[in-house]
Amino acid sequence: MDQNKKTMRHFYCRDVLWDTFEQMANDFDCSIDYLINEAMRYYARSKNYAPPPQQQPAAPPPQRAPARRPPPPPGPPQGAGYSARRTVQQPGYRDQPPPSRRPPPGARPQMDPQQAPTLYLIFNNQRIPIDKDQFIIGRGSKTSDLAIKDGNISRKHSAIIRRNGTYYIKDLGSTNGIDYKGMRIDNKRIDEGDVFHLCDYELRFTYRP
């Protein structure tokens with residue numbers, strides 16, 4: 001409740017009291033309304049009817065002043081013995097060359113087929129260069145690079161395969177297989193001077209030109 005709000009009231013007052021209030025208003029240089037309100041307030045207090053104190057609105061919390069940033073340290077003076085400070089931009093991930101891939105330990109390094117040494121097959125005193133990725137040996141003249149007309153040789157008996165500059169011999173599911181030093185093998189890397197047998201036929205290999 002606003003304790004300062006005032007409303008026009010009508011009441012009967014004794015003439016002697018009114019004369020007294022008029023004299024007091026002249027002496028204290030105030031209005032009669034003020035004196036009557038003060039008299040009524042003091043009378044209510046004397047009878048323990050004083051109105052509750054008016055609550056003041058809570059003051060807003062004080063705002064913190066923004067922190068002042070310290071000034072940057074002065075740079076080195078320009079002149080003899082000093083140079084302007086420069087920022088060197090490091091190369092980013094996109095600017096760096098891709099890392100080189102190294103083969104695992106024990107792995108044979110890959111070789112460009114054009115740089116690989118030429119393998120030669122010596123068969124029936126013929127020196128045949130192997131210059132393709134797959135060289136077929138078999139009975140079929142149309143399906144083989146080296147045709148051996150023998151019923152014991154399968155139509156596609158074996159193949160010389162070049163992979164990453166290295167040559168291998170592989171059995172293609174033949175009936176009589178590939179013999180190497182008295183053992184039947186499925187596939188093997190071809191080294192210098194290796195000799196294989198397809199039934200009674202000798203296959204000798206060399207890298208020497």
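The model used here is predicted.

**Exercise 1.** State the volume of the second largest pocket, then describe its lining.

*Solution.* 
Step 1. The volume is about 190 Å³ for the second largest pocket.
Step 2. List the lining of this pocket: Phe11, Tyr12, Cys13, Leu17, Phe21, Ile36, Ala39, Met40 and Tyr43.
Step 3. Sort these residues by class.
Step 4. Assign elements. Both α1 (15-28) and α2 (32-46) supply at least two lining residues. The most comes from α2, which gives four.

**Exercise 2.** Find the largest nonpolar core and the elements that build it.

*Solution.* 
Step 1. Count the members: this core has 21 residues.
Step 2. Pick out those with the most contacts inside it. They are Leu121, Ile137, Ile160 and Phe196.
Step 3. Trace the elements. Two or more residues each come from β1 (119-123), β2 (126-130), β3 (134-138), β6 (166-171), β7 (178-180), β10 (195-198) and β11 (201-206).
Step 4. β1 has the largest share, three residues.
Step 5. Look for a further core. Another one, of five residues, lies apart, and Phe21, Ala25, Leu35 and Ile36 are among its members.

**Exercise 3.** Which residues does Ile137 contact, leaving aside neighbours within four places in sequence?

*Solution.* 
Step 1. Apply the cut-off: heavy atoms within 4.5 Å.
Step 2. Read off the partners of Ile137: Leu121, Ser144, Leu146, Ile148, Lys156, His157, Ser158, Ile160, Leu198 and Leu203.

Note on methods: Residues are numbered from 1 along each chain as its sequence is written. This is a predicted model: local features need pLDDT of at least 70, side-chain atom pairs count only at pLDDT 80 or more; totals for chains, interfaces and linings use all residues. Side-chain values use heavy atoms; hydrogens and water are left out. A nonpolar core is a set of buried Ala, Val, Leu, Ile, Met, Phe, Trp, Tyr and Cys residues joined through side-chain atoms within 4.5 Å. Buried means under 20% relative accessible area, exposed over 50%, partly exposed in between (1.4 Å probe, protein chains only). On a 1 Å grid over the protein atoms alone, a cavity is a set of points where a 1.4 Å probe fits but cannot get out, and a pocket is an open set with protein on both sides within 12 Å along at least five of seven lines; lining residues have an atom within 4 Å of a point. Grid points are joined across faces, edges and corners, and a volume is the space filled by probe spheres set on the points.
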